[in-house]
Amino acid sequence: MSESGRRRPRGPRRALTEDEILDAALSLLDHGPDTASVRAIAARVGVAPNAIYTYFPDKAAVVDALVERLLGEVDHDVFADRAQPWRERVEALALELRAKLSAHPGAVSLMVGSRMDGPIAQALTERLLQLLADAGLDATDAAQASYLLFVYIFGSLVLEVADVQHKVPLPAESERIATRRLAFSARPPEHFPHSAAAAATMAGYISTEQYLWGLRRILDGLTTRVATGRKSVGSD
């Protein structure tokens, strides 16, 4: 057989790491939650889609790994200092999560739909349960309160990035509030008189001020529960 008729040996397989795959997925998610398909991720890192399955069995596994990575960026020191008042520690955690996750708005809705059961997510939950135990809640109340807090934090983030999730980084908070204020002002006040009266407040729903206002009302309820020594939510 001639030299030209022989099959050429394949070149070396492209070296790839899980971090490169997650980097690609995260950059794609910055353009929307539906953009990070396995095919698109593979194209971004320059491999065939089958190569991705060597590292992750499906897209859900990629999402789970992304959740772990993003939660791993949270600074536990900001809420783990047991010498600090427990309410301040909860606020620190809530603000830290908001800052880290809003940096990747396309990933927020995926996180809400994920299992959040990896080791980093479990460690975060354990820290929060310890914090709530320090506040005086029993195991049942602490578990229910931690769920409530996570629902509030992630729900707030989903609503905050809903209309700007294709803009990375997010526009400044003041800019987003101004845009919302214009949208509310366009509604005819004769049809929506209560909304017109509350337009400035409603425009600020996505603000840090509103985020903390809601969080503090939840903490007020938990504080009252601790002070009255009530047993569990299920006993109400």
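**Burial, helix packing and salt bridges in a predicted model**

Glu160 is buried, with a relative accessible area of 6%. The questions below concern this predicted model.

Q: How many residues apart in sequence are the parts tied together by Glu173 and Arg98?
A: Glu173 forms a salt bridge with Arg98, with the closest N and O atoms 3.6 Å apart. Glu173 lies in helix α10 (residues 173-185) and Arg98 in helix α6, so the separation of the parts they tie together is 75 residues.

Q: Is Ala145 buried or exposed?
A: Ala145 lies in helix α9 (residues 139-161). Beyond its neighbours within four places in sequence, Ala145 is in contact with Leu132, Leu137 and Leu222. Its relative accessibility is 4%, and the cut-off for burial is under 20%, so Ala145 counts as buried.

Q: At roughly what angle do the axes of helix α4 and helix α7 cross?
A: Val63, Val67, Leu70 and Leu71 in α4 meet Ala107, Leu110 and Met111 in α7. By class, this contact has seven nonpolar, no polar and no charged residues. The two helices are roughly perpendicular to each other. Their axes come within 10 Å and cross at roughly 115 degrees.

Q: Which helix holds both Asp220 and Arg217?
A: Asp220 forms a salt bridge with Arg217, the closest N and O atoms being 3.1 Å apart. The two are three residues apart, about one turn of the helix, and both lie in helix α13.

How values were computed
Residues are numbered from 1 along each chain as its sequence is written. This is a predicted model: local features need pLDDT of at least 70, side-chain atom pairs count only at pLDDT 80 or more; totals for chains, interfaces and linings use all residues. Side-chain values use heavy atoms; hydrogens and water are left out. Helices (H or I, at least four residues) and strands (E, at least two) are DSSP runs, numbered from the N terminus. Buried means under 20% relative accessible area, exposed over 50%, partly exposed in between (1.4 Å probe, protein chains only). Contact means heavy atoms within 4.5 Å. Axes are lines fitted to C-alpha atoms, for helices over the stretch in contact, and angles run from 0 to 180 degrees between N-to-C directions. Angles under 35 degrees count as roughly parallel, over 145 as roughly antiparallel, 65 to 115 as roughly perpendicular and the rest as oblique. Ala, Val, Leu, Ile, Met, Phe, Trp, Tyr, Cys and Pro count as nonpolar, Asp, Glu, Lys and Arg as charged, and the others, Gly among them, as polar. A salt bridge is a side-chain nitrogen of Lys or Arg within 4 Å of a carboxyl oxygen of Asp or Glu.
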